[in-house]
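Thanks for making time this morning.

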Amino acid sequence: ENARKAIRAAGLEPIETPIRGGTDGATLSYKDALPESGTGGFNFHGPFECITVEKMDQAVEVLLNLADLYKDHQ
């Protein structure tokens, strides 16, 4: 739930789509664990894979928001 809060605090809406495959991330995503917060990239694993500076800035903002949510947890 904190990942969702961090994403929304960055002005974004989480897109939750389970991924397929045999990875740990796939298993966690089917258990609603939101294992990947995203990077803001496009066209992954292809010749036109790219990312913009603006999307990287948003990804950093999400991570900082998430860290802020956990800063008082020990």
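Along the sequence, the protein follows the pattern α-α-α, with three helices and zero strands, where helices are DSSP runs of H or I with at least four residues and strands are runs of E with at least two, numbered from the N terminus. This is a predicted model, in which local features need pLDDT of at least 70 and side-chain atom pairs count only at pLDDT 80 or more, while totals for chains, interfaces and linings use all residues. Residues are numbered from 1 along each chain as its sequence is written, and side-chain values use heavy atoms, with hydrogens and water left out.

Buried residues, meaning those under 20% relative accessible area with a 1.4 Å probe and protein chains only, make up 18% of the 74 residues. Ile-15, which sits in the loop between α1 (2-9) and α2 (24-30), counts as exposed because its relative accessibility is 75%, the cut-off being over 50%.

Now to the packing: how are two packed helices described? The angle between their axes and the distance between the axes are what is used. For α1 and α3 (residues 53-70), the angle is about 130° and the axes are 8 Å apart, with axes fitted as lines to C-alpha atoms over the stretch in contact and angles running from 0 to 180 degrees between N-to-C directions. α1 and α3 are therefore oblique to each other, a class that takes what remains once angles under 35 degrees (roughly parallel), over 145 (roughly antiparallel) and 65 to 115 (roughly perpendicular) are set aside. Contact, meaning heavy atoms within 4.5 Å, involves residues including Ala-3 and Ile-7 of α1 and Val-62 and Leu-66 of α3.
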